[in-house]
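Me: Please pick out one part of this structure and go through it closely. I would also like to know how that part sits among the rest.

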Amino acid sequence: MGESSDVPALRRGLAILRALAGRPGPVSAGVLARELDLPRSTTYHLLAELVAGGFVVHLPEERRYGLGVAVFELGSAYVRHDPLERLAGPVLRRLVDRVGRTAQLGVLRGGELLYLIKERPSQPQTLVTDVGVRLPAQLPASGRAMLAHLPAAQVRAMFPSSERFVLRTDRGPRSLPELRRLLAEERRRGWAVEDGVITAGFASVACPVFDHTARPLAAIAVTFRHDCEGPGCGETWPNLAGEVGRAAAELTSRISGRTG
């Protein structure tokens with residue numbers, strides 16, 4: 001099937017919306033034209049169409065353009081449709097079938113991890129974590145799997161003081177330098193591990209899911225019974241992490257995300 005002559009214009013219009021979304025505030029048409037390598041006349045024409053549709057707002061006094069209310073409406077509709085959960089559900093079910101352990105999907109909400117989905121094997125084990133539960137992001141493997149791929153300044157802003165470093169057991173990072181060392185290690189490894197940090201006698205392995213800008217959008221984790229003495233036995237479960245990583249890569253692909 002041949003490509004419609006309207007498709008290039010649509011792509012350029014979407015590029016303008018993405019460029020505006022990536023800016024801290026409104027910008028001029030000239031800036032957009034230079035950034036997207038578009039002719040000025042084309043840029044003004046596309047902006048006029050986007051303004052007419054409510055996707056872009058023109059600020060005549062400033063001679064700048066920003067995102068319009070229609071973008072907010074689309075974002076609200078996205079949340080109502082729960083696309084991430086719908087796309088992740090089959091991925092988690094297949095993962096549970098392969099490994100026979102509980103799998104969960106979590107997202108960051110400020111300095112906390114929020115669990116969205118939980119899939120259990122045929123003989124599930126009781127866990128403290130469940131759908132809707134929030135935990136300090138630095139404790140669960142899911143949270144650290146995402147924190148490891150955020151800019152250092154963003155992580156620092158999420159943990160401005162020692163009061164943010166609460167513990168559920170006697171394990172887990174207790175300061176920002178300790179968290180940074182842990183995140184650097186897990187970023188190099190490719191997955192995060194939590195051993196008795198949330199609940200004694202349980203461990204988790206988690207991998208991040210990335211959006212279209214290669215930023216961590218969510219994380220998939222598998223949780224299972226494991227007990228060891230002291231601060232942890234140092235086990236990282238690479239074989240299990242391989243399965244979790246494949247599930248995370250599949251979900252990244254399903255949401256049109258990319259890594260690096």
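Reply: Ser 204 of strand β7 (residues 202–210) stands opposite Thr 223 in β8, where strands, E runs of at least two residues, and helices, H or I runs of at least four, are DSSP runs numbered from the N terminus. The model is predicted, with local features requiring pLDDT of at least 70 and side-chain atom pairs pLDDT 80 or more, while totals for chains, interfaces and linings use all residues. Numbering starts from 1 along each chain as its sequence is written, and side-chain values rest on heavy atoms, with hydrogens and water left out.

Strand β8 covers residues 216–225 and runs antiparallel to β7, to which nine bridges join it; strands count as paired when DSSP finds at least two bridges between them. A further pair across these two strands is Cys 207 with Ile 220 in β8. β7 and β8 make a hairpin in which five residues lie between the strands, and Ala 214 in that turn has a positive phi of about 70°.

On its other pairing, β7 meets strand β6 (residues 192–195), again in the antiparallel sense, over four bridges. Val 193 is set opposite Val 205 in β7. This too is a hairpin, with six residues between β6 and β7, and the turn holds Gly 196 with a positive phi of about 70°.

β7 is mostly covered, since nine of its nine residues are buried, that is, under 20% relative accessible area, with over 50% called exposed and partly exposed in between (1.4 Å probe, protein chains only). In β6 both faces are covered: Ala 192 and Glu 194 are buried on one side, and Val 193 and Asp 195 are buried on the other.

Axes are lines fitted to C-alpha atoms, for helices over the stretch in contact, and angles run from 0 to 180 degrees between N-to-C directions. From α5 the contact takes in Leu 84, Leu 87, Ala 88, Pro 90, Val 91, Arg 94, Leu 95, Arg 98 and Val 99, and from α9 Leu 240, Glu 243, Val 244, Ala 247, Glu 250, Leu 251 and Arg 254. By class, this contact of α5 with α9 has eleven nonpolar, no polar and five charged residues. Nonpolar here is Ala, Val, Leu, Ile, Met, Phe, Trp, Tyr, Cys and Pro; charged is Asp, Glu, Lys and Arg; the others, Gly among them, are polar.

A further helix pair is α1 (residues 7–21) with α2 (residues 29–36), whose axes come within 11 Å and cross at roughly 110°. α1 and α2 are therefore roughly perpendicular to each other. Ala 15, Ile 16, Ala 19 and Leu 20 of α1 are in contact with Leu 32, Glu 35 and Leu 36 of α2. That contact has six nonpolar residues, no polar ones and one charged.

Thr 43 lies in helix α3 (residues 40–52) and is buried at 1% relative accessibility. Neighbours within four places in sequence aside, Thr 43 is in contact with Ile 16, Ala 29, Leu 32, Ala 33 and Leu 38.

For the whole protein, there are nine helices and eight strands. Of its 260 residues, 43% count as buried. Among contacts with a separation of 6 or more, 57% are between residues 24 or more positions apart.

Definitions and conventions
Angles under 35 degrees count as roughly parallel, over 145 as roughly antiparallel, 65 to 115 as roughly perpendicular and the rest as oblique. Contact means heavy atoms within 4.5 Å.
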